[in-house]
Structures are given as structure tokens and as C-alpha cells.
Amino acid sequence: MDDIRPPVAQGSTRFLDELRLHIRQNGLAYRTEQTYLFWIKNFIRFHSRQHPKHMGSHEIEAFLSHLAEQRNCSVSTQRIALNALVYMYKRFMGVHVGDLRFSPAPAPKRLPVVYSREEIAAILSHLRGVHRLQVELMYGTGLRKAELLSLRVKDIDFGSNNIFVRGGKGDKDRTTMLPQRLKSRLIQQIGHVKRLHAQDLLDGYGEVYLPNALSKKYPSAATDIAWQFLFPSTKIGKDPRSGTLRRHHLHPSALSKQIRKAVQAAGINKPAKSHSLRHSFATHLLEAGYDLRTIQELLGHSDISTTEIYTHVVNRGGKGVLSPADSLGA
């Protein structure tokens, strides 16, 4: 019997191009687009390059189980793959996949890496300029790295002492506090952005990327100083979607590199991760007596159980219990 499926290379390419366009028209972030396409391509390859329209719930379950059982993927990785496939079938193809039954990836509970206050001070002592300001902001506000780099000038509200986080994890908005000690440096940073933007406009650039099709709704907003990134890139670059030459925010790898160098220079024998600054923010607030619900809101956690992990790493030693060794005489 002849194979009635479309040619793999041509059909798959056309299908993925249409899917990519659908993702963009729905206003999903570029990183989400890349992630979804990555997992959908892996799904197609896993099933011998069959076209998705010839597959369904059974193939999705087999692929997700494979990730857990053979690839040993984490629960978060498996969830991202699931989100990508559900988007493709439900939102793009209009196909209901029903209740899926697959082997769940193990969800080991690992304690977060937390820096002490002394270690934070040591790390900061080995940072300069914009990178020091970024690290102080992450530690002082609990921002994720992606949230920090996505900040716009308008998101810093000096009047209310708030920082507005737009479209954070789970596409949720929230506010966090604006550290008072950073006000003057943030004002200086915004002044730098204004001067850089003014020069970009003179050079024929100055149009920034706007999320969720806002460029169509507010045509002039892309050149407004309020929408410019708080931490702009040092170079004009080509937008990977539109090809437009514009100034994006600083690349995440640059910040990660500076944190890694600072942790090593400070002689700290812990993993050098930007997310540990967020963990340290939460843990130190808990040590200072703030309640879990407040910390949950500042971090943007949807479930209080996620925030409760910090109760295991507060600076009280073995859950606040005094070791019998500490009661011994000299």
C-alpha cells in the first residue's frame, strides 16, 4: 500500500513554518517559540518523522514516557515538552488530546543554593558597574535573571518604591520592592539609557521590541523612552523574527559569566548561579521574620508549598534545634 503521508522534509518544513507563524501571531516570547519548536521537532523525530496530523494522544504519551524512563528528564523538562505538544495540538491544530496517561518524571526535592549575607557582600566586592547593579537588584528584589533583563524604564516606579514585573514566569505580572540604596544608581542607569536612546534615534534606530503585538496597538511606543530596556545591549542587533535592526537588552550569558567570575574570586565554594541570588533574597527575608505569604507574593510563586522550601535552609541550623554538642563545656 502506498504511503499517503506528505513528504517528510517538505511537509514538515511547511507545517513548522505555519506553527512558528501561529506562535508569533499569538504573542508568545521568542524563547518560548524556540523551546516549543525544539520539543515538537524532537517529538516528530522520535516517531520516525511522522506528520503530527497522523499522530495523537497515544504518541504523545509514548514520547513523554520516553523522556522520563529513557532520557531521565526532570519533571520541569517533561512539563515543558507537554506544554509544547498541547499548544501544537489544541491551539494550532484544534485537536483535543484528552486526558494523557504517561510515566511522570521523578521530582527530587533538592535544597536551593543560598549565599550568606557575608558571601553576598564578597561577591559584590568583585563586581563593577552595570553588572554590580544587576546582581544587587536580583538579591534585593528576588527577580529572576530573565525578569531582570526584561525590565523597561517604565517598570521602575520611584514614587511608589515598586518595581513592576511584567509577564514573569507563567506570564504573570507582579510587583516587588525597590531597594532604597539602589535608587541613585537606578536614576543614573536610566540617564544612561536616555542618552543611548537619543543617539540611536539620531542614527536612525531607537525602535525597541514590544511584546504581545503592542507595536500595532501603540505604533509610537516602540520609540518611547519609557519602553526602552533598563539594561540595553551595547550593540545594535538584528531581530531574529522581523530582521529589524534594534537595540535589545544585555545578553543573559554576559551576566552569568560575571557572576561566575565574582563567586570564584570571592573564594566561595558553592555553585555560581544567578538564581541563588533569588534564593538568598527569600531565605534572608524569612530569617528576618517576614511571613511566607508575603515572600510568596514577592517571588510570584503560585503555590505556597514552593516558597516553603526556604524554611529548610534558614540560618538556624537543623530546623532550629540546638545541637547537644553546643551545650558541652570547654
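Modeller: Buried means under 20% relative accessible area, exposed means over 50%, and partly exposed is in between (1.4 Å probe, protein chains only). This is a predicted model, where local features need pLDDT of at least 70, side-chain atom pairs count only at pLDDT 80 or more, and totals for chains, interfaces and linings use all residues. Residues are numbered from 1 along each chain as its sequence is written, and side-chain values use heavy atoms, leaving out hydrogens and water.

Biologist: Thanks! What pLDDT does the chain average?

Modeller: The average is 89, and 91% of the residues score at least 70. pLDDT is the predictor's confidence in each residue, from 0 to 100.

Biologist: And where does pLDDT stay under 50?

Modeller: Over residues 1–10, which have 8 contacts (heavy atoms within 4.5 Å) beyond four places in sequence. Where pLDDT is low, the predicted coordinates should not be read in detail.

Biologist: Switching to rings: how many aromatic pairs are there?

Modeller: The structure holds 7. Rings of Phe, Tyr and Trp (its six-membered ring) pair if their centres lie within 6.5 Å; planes under 30 degrees apart count as stacked, over 60 as edge-to-face and the rest as tilted. Tyr 36 and Tyr 87 have ring centres 5.6 Å apart and planes at 50°, so that pair is tilted. Tyr 36 sits in helix α2 (residues 30–46) and Tyr 87 in helix α4 (residues 75–92), 51 residues apart. Helices (H or I, at least four residues) and strands (E, at least two) are DSSP runs, numbered from the N terminus.

Biologist: Are Tyr 36 and Tyr 87 buried or exposed?

Modeller: Both are buried. Phe 43 and Phe 63 make an edge-to-face pair, with 5.6 Å centre to centre and 75° between the planes. Phe 43 lies in α2 and Phe 63 in helix α3 (residues 57–69), so the pair ties together parts 20 residues apart in sequence. Phe 43 and Phe 63 are buried too.

Biologist: Nice. What sits over the ring of Phe 229?

Modeller: The charged end of Arg 152, 4.1 Å from the ring centre. That label needs NZ of Lys or CZ of Arg within 6 Å of the ring centre and within 35 degrees of the ring normal. Lys 154 likewise lies over the face of Trp 227, at 4.4 Å from the ring centre.

Biologist: Last one: what strand order does the open sheet have?

Modeller: Its 3 strands run β1-β2-β3, with antiparallel pairing. Two strands pair if DSSP finds at least two bridges between them. β2 (residues 162–165) and β3 share 4 bridges, and Phe 164 stands opposite Thr 175 in β3.
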